[in-house]
Amino acid sequence: MTVRFSRRHAALLGTSLLGSSFLVAAGEACAATTSEQTTHAPRHVKSVPPAPIHRPVTAAKTRPAITDVSGGSEAVIVTGTREFGKKARDSVSPVDVVTSRQLTATGQPTLRDAMALLLPSVTTPTGGFDTGALTDTISLRGLNPNETLVLVDGKRRHTTANIYADPGPMQGATPVDIDMIPMASIDHIEVLRDGASAQYGSDAVAGVVNIILKKQANGLTMRSNSGITSEGDGFQQGVFLDGGFNIHNRGFVHIGGDFVHQDHTYRSGADSRTGRYDNNVLSQPEQTRESIAINAGYDITDNVQAYATATYAHRYAQSYQNYRVPSSLSAYPGYAAIYPWGYSPLETINENDYELTAGLKGTLAGWHWDVSSVYGRDFNDIGVANSANLSLNSATGRTPTNFDAQGYNSTQWTNSVDISRNFHTSVWPYAINVAGGASYRYEAYSIGTGSADSLYGSGSDALSGTNAGNAGNFSRDVAAGYLDISTHLMKHWQVDLAGRAEHYTDVGNTQTGKVSTRYDFSPRFAIRGTFSNGFHAPTLAQEHYSALAISPTAARGLIAVNSPGALANGASALKPEHSTSAEGGIIVEPIHKLHVTVDVYQIDLRDRIMPGGNVYGQQAYNALSADGFGLPAGSESWTSGQLSTHWFANVATTRTQGLDLTANYPSEFGQYGHVDWDVAINLNRTRLRHQADGTDGSPLLNTQSIAYLTTAYPRSKIIFGGLWHSPGRAWSVSVHEIRYGQTTSQLTYYTGPNAFSTTKYLQFQNSPKWTTNASVTYNFARHWSVTLGGNNIFAKFPSAVPVANRYLGAPKYYMSTSQLGINGGYYYLDVSARF
């Protein structure tokens with residue numbers, strides 16, 4: 001059944017205000033577009049080719065009824081611009097458009113991993129520690145995930161409550177967990193590779209990821225994805241369903257959902273205590289995730305539309321901790337009877353995540369307006385399974401094995417009003433697009449206490465429970481207003497100006513601005529540039545989180561910056577991070593159909609927030625005790641390398657410089673088919689410009705922490721290859737190479753004369769890696785397609801860590817980087833049906 005709308009209805013449904021648009025209008029043309037979104041799509045996003053001679057946007061062109069969402073340069077975008085009908089090829093800032101068929105073509109059941117295979121500016125962790133491994137996040141341009149703003153249909157998405165607390169480049173991150181948004185509901189993604197705090201607010205320092213949901217009023221898509229690693233473990237199964245229907249020819253409802261299960265992988269080396277492979281600490285977490293999204297819009301009148309979106313996701317996941325040998329229980333007969341062969345604790349997460357969006361939008365007296373409210377929450381119950389509380393056993397004789405250790409809750413409620421209008425005046429020959437708005441955001445973060453059993457004495461092994469002194473409810477209010485003006489200074493010269501003022505009740509006021517410009521010399525050559533400043537407020541988690549991780553012979557604490565233990569050692573309140581960014585690029589078509597973009601960038605980031613003020617040994621013992629943490633017996637005499645704690649601080653100023661290049665070229669071979677060639681490159685380097693000192697005059701960062709900031713992300717990432725289609729497109733073959741550049745780390749010694757040293761480290765280079773991704777797709781019976789493929793088909797792994805730098809011998813790959821993952825090859829079968 002085809003839904004038909006009037007031109008006015010289609011415009012209202014197809015285009016929303018100020019970057020919050022319904023990009024897909026219901027109707028026959030849109031249904032035809034989605035029916036062709038098969039799994040034989042390009043493996044890499046298309047670059048933005050040069051625009052023809054630019055003409056100012058006129059009022060008649062600001063409300064297109066049907067929008068091209070096929071990806072590449074012709075896609076109409078809403079990210080990085082406040083104008084309607086803007087195409088990616090005309091953008092003043094670099095924007096990548098990734099379609100749902102390109103995500104599907106990667107063969108990955110998770111959005112995070114799919115994006116990492118398509119975009120060189122996007123990186124993911126090599127691995128993950130503890131509960132931090134149970135949240136799926138991305139980094140943009142070699143900066144912490146907190147520096148990337150994630151939107152859903154142009155609206156700010158709430159963040160996870162699960163902080164990444166372990167050392168590494170992601171430490172302190174509580175970003176959006178993008179895998180809690182069902183992949184089945186995603187129409188396309190727009191990635192703005194530019195600082196955009198003035199346009200969208202805090203967090204948009206490295207760029208913006210805008211996830212656009214499907215809005216088709218008809219059709220049904222079903223997909224099954226099954227895969228396994230080259231080592232024969234890590235089985236993954238994903239089932240994806242979505243479909244839509246119309247409401248009385250005046251609206252639509254589109255529903256999509258995912259079910260994804262991933263098994264553990266096992267990549268640890270031999271345990272130095274036993275000589276056996278019984279320590280599974282180096283592994284992919286096991287997880288099961290269910291998610292659903294409902295998206296709806298309805299024309300109340302010809303000029304007013306109501307819209308609403310709801311997403312819900314549940315995840316249960318578990319991550320291995322270090323193996324406890326049987327001898328560790330020799331003094332505890334109750335536990336020894338339960339774990340006669342030792343035990344491997346599992347940190348677990350039971351997570352519920354939801355978000356509700358509701359709004360009205362329309363036109364009045366020539367003004368486009370949008371009033372919306374977005375409420376999102378993320379609940380995390382953190383537990384420990386297969387564990388023990390030896391202090392409790394000694395005192396009571398009871399032997400619990402599972403503990404409720406911690407609980408976190410993150411809430412975000414955003415209310416906004418946006419307006420825009422395209423003006424023509426007699427005093428200026430070009431159209432002027434004016435946009436403005438205001439918003440109020442409430443943020444809250446809660447820390448719950450652990451169970452009594454998880455708190456008693458030294459606490460539950462591997463992860464002790466949160467005590468009452470470190471629990472609490474914290475909140476703040478954020479008010480903001482912005483103004484955005486776009487026009488032409490000359491026929492081919494466009495200028496965009498944006499300014500924003502924000503007030504945080506905990507960290508004060510900020511003002512940010514952005515100037516972007518583009519000049520088209522000819523239909524085949526244009527230049528563009530941007531200068532902006534940005535702002536990132538410390539998260540509530542960075543201000544208030546605390547926890548203690550306990551290993552067999554070591555413990556590491558992270559305490560709140562305002563806690564007694566931190567204040568006693570000179571901690572001071574966190575300040576916001578501030579950035580200054582500059583970017584310039586060219587868009588060129590040197591030969592017909594060869595589209596190339598090159599953009600260089602520089603991001604200066606001041607007062608970066610990472611753990612600083614490390615204290616060790618007896619000093620750490622005193623700080624942790626002051627904050628109410630129970631410590632294992634004998635830990636008061638542990639060395640400085642075995643016992644440490646720290647807190648978040650404004651530790652450094654860094655400069656990140658890089659280059660992004662994209663190119664694509666189509667080749668026609670007549671009866672032999674068609675090939676789309678593509679290349680994408682990101683070169684990226686971060687340098688330390690200044691680091692802060694503690695109250696005693698010593699630097700807040702050690703050599704290892706500096707490496708997390710400057711060399712933990714690859715110096716380069718290159719993706720290139722081609723996609724061949726047979727005549728008629730019954731068959732397609734994709735082959736792409738990805739080269740991951742070098743990362744450099746400073747590794748702790750665990751054996752030898754420098755064992756557990758906090759001043760002497762091994763400089764370790766994780767050498768560049770080449771991986772090959774390939775797939776073959778066959779489309780049959782009109783509605784069906786099947787794909788057989790593999791990622792990293794030759795099973796490349798990160799560089800192996802020297803034995804002396806492996807804690808207990810197990811972690812043979814270093815996980816505190818963002819280069820090649822630890823799993824090796826991944827091979828999959830993907831079956832899709834579209835009706």
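Let me begin with a definition: a residue is called buried under 20% relative accessible area, exposed over 50%, and partly exposed in between, with a 1.4 Å probe and protein chains only. Helices (H or I, at least four residues) and strands (E, at least two) are DSSP runs, numbered from the N terminus.

The structure before you is a predicted model, in which local features need pLDDT of at least 70 and side-chain atom pairs count only at pLDDT 80 or more, while totals for chains, interfaces and linings use all residues. Residues are numbered from 1 along each chain as its sequence is written, and side-chain values use heavy atoms, with hydrogens and water left out.

Which strands pair with E4? Two strands count as paired if DSSP finds at least two bridges between them. Strand E7, residues 207–213, runs parallel to E4 and is joined to it by five bridges; there, Val209 is the bridge partner of Val150. Strand E5, residues 155–156, runs antiparallel to E4, with two bridges between them, and its Arg156 stands opposite Leu151. E4 and E5 form a hairpin with two residues between them, and Asp153 in that turn has a positive phi of about 50°.

Now to the annotations. UniProt positions are given in the numbering used here, with feature names shortened, and annotations may be inferred rather than shown by experiment. An unreviewed UniProt entry lists "domain: TonB-dependent receptor plug" at residues 88–208. That span, 88–208, is 15% helix and 21% strand, and its end C-alpha atoms lie 15 Å apart. UniProt also places "domain: TonB-dependent receptor-like beta-barrel" (unreviewed entry) at residues 324–793. Residues 324–793 are 9% helix and 59% strand, with their end C-alpha atoms 35 Å apart.

Two loops deserve a remark on backbone geometry. Most residues other than glycine have a negative phi, and most peptide bonds are trans. Ala365, although not a glycine, has a positive phi of about 55°. Ala365 is placed in the loop between strand E13 (346–364) and strand E14 (367–385), and is exposed, with a relative accessible area of 64%. Ala781 likewise has a positive phi, near 50°. The loop that holds Ala781 is between E31 and strand E32 (784–791), and Ala781 is exposed at a relative accessible area of 56%.

Next, the aromatic residues. Rings of Phe, Tyr and Trp (its six-membered ring) pair if their centres lie within 6.5 Å; planes under 30 degrees apart count as stacked, over 60 as edge-to-face and the rest as tilted. The count by this rule is 19 aromatic pairs. Why is the pair of Trp428 and Tyr430 edge-to-face? Their ring centres are 6.4 Å apart and their planes stand at 70°, so the pair falls in that class. Trp428 is partly exposed, with a relative accessible area of 30%, whereas Tyr430 is buried, at 18%. Elsewhere, Tyr354, Tyr375 and Phe379 form one aromatic cluster.

On a 1 Å grid over the protein atoms alone, a cavity is a set of points where a 1.4 Å probe fits but cannot get out, and a pocket is an open set with protein on both sides within 12 Å along at least five of seven lines; lining residues have an atom within 4 Å of a point. Grid points are joined across faces, edges and corners, and a volume is the space filled by probe spheres set on the points.

The largest cavity has a volume of about 1,100 Å³. It is lined by 48 residues, of which Pro167, Arg556, Gln704, Thr748 and Tyr750 are the closest to its centre. E24 gives the largest share of that lining, four residues. The second largest cavity holds about 820 Å³. Of its 44 lining residues, Arg112, Asp113, Thr124, Gly821 and Asn823 are the closest to the centre, and helix H4 gives the largest share, four residues.

The second largest pocket holds about 560 Å³. Among its 29 lining residues, Gly613, Asn614, Gly694, Ser698 and Leu700 are the closest to its centre. Here E24 supplies the largest share, five residues.
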